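Welcome! Here is a short tour for anyone meeting this structure for the first time. Keep the view open beside you as you read.

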Amino acid sequence: MADLKKNPFVAEDGREIVLKADHLCIQFGGLKAVDDVNLSIRRGELYGLIGPNGAGKTTVFNLLTGVYKPTSGRFFLCGKDLTGKAPAEINRCGIARTFQNIRLFGNLTVAENVMVGLGNQIPCSLFESMFRLPRHFKAEAEYRKKAMELLEVFHLAEYADHLAQNLPYGKQRKLEIARAMATNPTLLLLDEPAAGMNPNETQELMDVISFIRQRFGITILLIEHDMRLVSGICEQLTVLNFGTELAKGDTASVLNDPNVIKAYIGE
Amino acid sequence: MDFLSALINGLSSGGTYAIIALGYTMVYGIAKMLNFAHGDVIMVGGYTMFLTLMALGHPLVALAAATVFCVILGVTIERLAYRPLRGASPLAVLITAIGVSFLLQSLAQIIFGSSPKMLVQLQISGGITLGALSIDYSTLLTLAVTAVVMVVLSLFVKYSKTGRAMVAVSEDRDAALLMGVNTNAIIAITFAIGSALAAIAGYLMLCKAPSLSNTMGAMPGIKAFTAAVIGGIGSIPGAMLGGILLGVVESISYSVPALAPFTDAVEFSILILVLLVRPSGILGKMRREKV
Amino acid sequence: MRHSKSFYIKNYLNYAIILVVLIVFTVLSLTGSAKLSTLLLLEKIAISVILSVSLCMVVGFLGELSLGHAGFMCAGAFLGGKASALLEPVLGNGILTLVISMLVGGFIAALFGVIIGLPALRLRGDYLAIVTLAFGEIIRSLVMNAPTSWFGGTLGLPTPKFNSKYLFIVAFLMVLACLAVTQNLIRSKHGRAIASIRDNEIAARASGVDVTKYKLFVFTVSAFFAGIAGVLYSYTQTRVQSVNFDYNYSIEILVMVVLGGLGSINGSIIAAVLITFLDVELQTLLPGDLAVLQDLFYALILIVIVIYKNAPGLKSFRERYNLRKLLIGRFAAAADAQSSTDSVSGKEEE
C-alpha cells in the first residue's frame, strides 16, 4: 500500500536522500542557464553529472554551493533547506567542492591549505590567538596533526611544507580534494577532477576517489567529461543539455540512451 | 540665477574632469590598470606649455607642443614601466603607477622649483553677459572642447579600425591577439590618446587659473579618476557622465556657504555612495569572476 | 610542538632587537647623554614602524590595497589629541592622559576602520584603493573644516606635551604591542584564514572561511594601531595640522610596506626604519627644493623593485639571481632551508 505521507528525504529503497534539489532554475539576463533540474542523491552514492560543454553543469555546482542564488527552486542537505545561504555557511552545513580551474591558496603551504579547510573544528578564538593563550598552542598542534593525517591519505604528506603553487598539476588537484575533505563534508562536489590528467593520473585519481568513499563513507557528486572515469565509478547519472535534464538513471542505461548519444555525438 | 551660474560653471569644470577621466577610463578598459600617473601627465603638459610660451609665445603653439610631448611621455611610461608588468598582479601595476606619479612630481620640482609659475599668456579673461547671468569665455571654450572631444572620440571608437580593435582588446585581450590585433600597439595608442587628452585638459585648466605647480595635476587627477569610477570605469559614456556629474556637484557645493569648505568631502562621499549601490559605477558592466 | 633554534631566531629576533634598542636608549636618556633630536628621531621611527606594520596586515596579508592609512592616523591624532587637551587640566600631562588619549584615538580610528571595512566587503582591488583614498581625504577635510574651537581649523590643534625624554619609551612599547598582536594573529589559524582570502577569496568562502568577519577585523585592528600612531604623532608636534595627513602620506606608508616585501612584517619594519631615518637626516642635508631628490630616489626605487619582483618576463632571471640570497649570502639560504621544516607558523614570509 502506498504511504501517502512518505518522507521526501527517504528513497524508495529506504536509503536516506542526502541531497535533494527541487526544480532548480537560474536565469542570467534572458538566458536560462539551468532550467528545472532535480536531483536526489542517496547516502554513500557516487553520482555523476555529465553533459556537453555549456550544458550548465558547473552552474548547478555554483547553485549548490551558494555562489549563485537560484531564481527559483530549492535544495536540501539531509532534509535541511540550504537555499539562499552564503557559500561559507553552506560549506559548514556539509557541502564541500573543488573547482574546474584549480583554486588553491598558492602562497600557503600544502599543510596550511588543509588547515584552512579544517576551519573551526578545533576551537580557538581570535583573542586566544592574539594573546597566545594556552589553547592557541594546543589548537595549532592539533591542526597540524589532523592535516598531516589527511595528507597521508592523499599521499601528499611529503609535500606538507611546500608552497601549494609549486606542486605539479596532478598533485594540486589532489590537494584541492584533500582541502575539501578537511571541511568534513557530508557531500563532496568534484568539478572535472580528471581534467588535464593523463591516463595514469586519471587511474590514480579514481583509486583515490574510491578510497575516500570507503574510508569516510562520503557521498559524491561529480562533473566529468572523461567517459572512462564516468562509466568506471559513477552509479547514477544525470545528463544535462542546454540547462535541462536530458536523461537520468543508472549509469549503464543512461549511457545507452539514444538521446544522450545524440547530444554527445550529434545525428 | 546663482544656481544657474553654478550649474554652468559645474558643466564646464565637469567637462575638464570628463576629458581627464576619459584618459583613465580608456587605459583602464584596455590595459586593465589604474594609471595613477595620468594626472601628472597634465602637469608635465603644463610645464611644456610654460617652456614653449617662453620660447615662442603663442598659446596654440604651446598647446601643440604640450600635446606632442605628453603623447611621447605617455607612450614611454607605458613601454618602460607598465609593459614589463603585463600579466603581473594588479597591485604591482598600481604601485608602479604610484611610483611613476611620484617620479614625475619630484622631477618637475627639481627642474622648475616649488614656487608656482604664472602662465598669464594662456589666461582667457572676460565673458558674455545674458541678463543677470555672466559666463566666462574660458567656460564656453571648455564646454565647446568637451563636446568636440566626446563626439570625435565616440566616432573614432565606433567607426575606425583602430577604435574597433580597442573595443576588442578591452573585451578579451587574448582573443583579440589571436584574431591578429597587435595588442601592444593598441595599448600604446590608448596611452597616446589619453595623454593627448591630458594635455588638452591642462590647457583648459590653465586658461581658467594660470597657476602652474608640480602638484597641479594630482588632485584634479584623483577627482577625475573618481569621476571615471562613478560613471563606471572602462565605459567612455560613463567617464563623460561621471565627470559632468562630479563637476556639477562640486560647483553647487561651492555655491552653498555651509557646504563650501566640505566640497572635497561631498565629492568623495558621492563616490562611496554610488559604489555602495552600484559596485561597478553607474554605467559600468558588472564583471563576475567566473567560478 | 618542538621547534629548532632557527625557528626562535627567525620569529622572536625582532622583539629582542627592539627591546635592546629600547633599553640602550632608556639608559642613555636617564643618564642624560642622549640628544633630544635623537630621541625625536626614535619617536618618529616608532610611529612609522607602527604604521607600516599595521598597513602590512591589510596589504600584505589580507591582500587589499588601502590608500587611506593616513586618514585613520588623522582621526587618531585629532580625536586623541583633543582628548588629551581635555584631560590635561584634570589629570595633568602625565602617563595617564597619554594612555587614555591613545585608547580614545585608537578606538575612534578603529571605528573608522569598521566603516571603511564595509565597502571592502563589496569592492575589490582598484575600486577599494580609490574608496580608501576618498575616505582618508573625507576624514581630513572634515577635521580641517570643523569649527575652529573643535580642532583648531587650518592652524591646527595645539597638543599637550609629555616628558620628551620618555615619550620614545611609550612609543617603543606601542611598537612591541603592535608587533605582537600582528605577528600572533598572522601565525595562527586566523592568519591562515586571512591569507587564504588574499590567495583566493572564492575558494576561501567555499572552504568555510568567514570572509566578512576577517576583512572587518583586519581593517579594524589596522586602523586601531594607525590611530595610536596618530596620537603619538600629535605628541611630537606643537600643533597637529590636517595637511600632514593627505593621501601622499598614505602612499609613503605604502612605499614602506612594498619596499619591505609585501607580506613580510620584518621587511616592513626595516623599510620603515630606513625611510624615516633618511627622511629626517636628509632634511638637514638637502636644503630647500633639493629635499625632493629624496622623493625622486624613492620613486625610482619603488618602480625598479616592483618591476624586478613582479615582471613575468624576469621570472627566470629572478630564479637564477635570488636578490635575498645574494644580499644576505649563504647563511640566509641555509637558515631558509632549515626553517622550512617549521613552516606551519613561520611561513608568512616570501
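## Chain A at a glance

Chain A holds ten helices and ten strands. Please keep in mind that the model is predicted. Along the principal axes, the C-alpha atoms of chain A fill a box of roughly 60 × 45 × 45 Å. The radius of gyration of chain A is 20 Å, which agrees with the value near 18 Å that a compact globule of 267 residues would have.

How much of chain A is buried? Of its 267 residues, 44% are buried. Now take the contacts in chain A with a separation of 6 or more: 65% of them join residues 24 or more positions apart.

## The largest nonpolar core

The largest nonpolar core counts 282 residues, and C:Ala46 and C:Ile50 touch the most other members. Both domain 1 (12-94 + 185-267) and domain 2 (105-184) of chain A give residues to this core, so the core lies between them.

Setting aside its neighbours within four places in sequence, C:Ile50 is in contact with C:Met174, C:Val175, C:Cys178, C:Phe225, C:Ile228 and C:Ala229.

Next, find C:Leu36 in helix α2 of chain C, which covers residues 36-62. Is C:Leu36 buried or exposed? It counts as exposed because it has 10 C-beta neighbours inside 10 Å, and a residue with 12 or fewer is classed that way. C:Leu36 and C:Lys165 are 129 residues apart along the chain, yet 7.1 Å separates their C-alpha atoms.

## Where chain C meets chain B

Here 36 residues of chain C are in contact with 41 residues of chain B. On the chain C side, the elements that give two or more residues are α4 (95-122), α5 (125-145), α11 (247-259) and α13 (292-310). α5(C) gives the most, with 13 residues. By type, this side of chain C divides into 26 nonpolar, five polar and five charged residues.

## Where chain C meets chain A

The contact between these two chains takes 29 residues from chain C and 34 residues from chain A. On the side of chain C that touches chain A, two or more residues come from each of α7 (167-186), α8 (189-199), α9 (201-206), α10 (211-236) and α17 (343-346) of chain C. Which element gives the largest share? That is α8(C), with seven residues. This side of chain C divides into twelve nonpolar, eleven polar and six charged residues.

Key: Residues numbered from 1 in each chain as written. Chains lettered and ligands numbered in written order. Predicted model: local features only at pLDDT ≥ 70, side-chain atom pairs only at ≥ 80, totals over all residues. Helix = DSSP H or I, 4+ residues; strand = E, 2+ residues; numbered from the N terminus. Rg over C-alpha atoms; globule rule 2.2 N^0.38 Å. Buried ≥ 20, exposed ≤ 12 C-beta atoms within 10 Å, placed from the backbone. Contact = placed C-beta atoms within 7 Å. Core = buried A, V, L, I, M, F, W, Y, C linked by C-beta atoms within 7 Å. Domains from an automatic or database assignment. Nonpolar A, V, L, I, M, F, W, Y, C, P; charged D, E, K, R; others polar.
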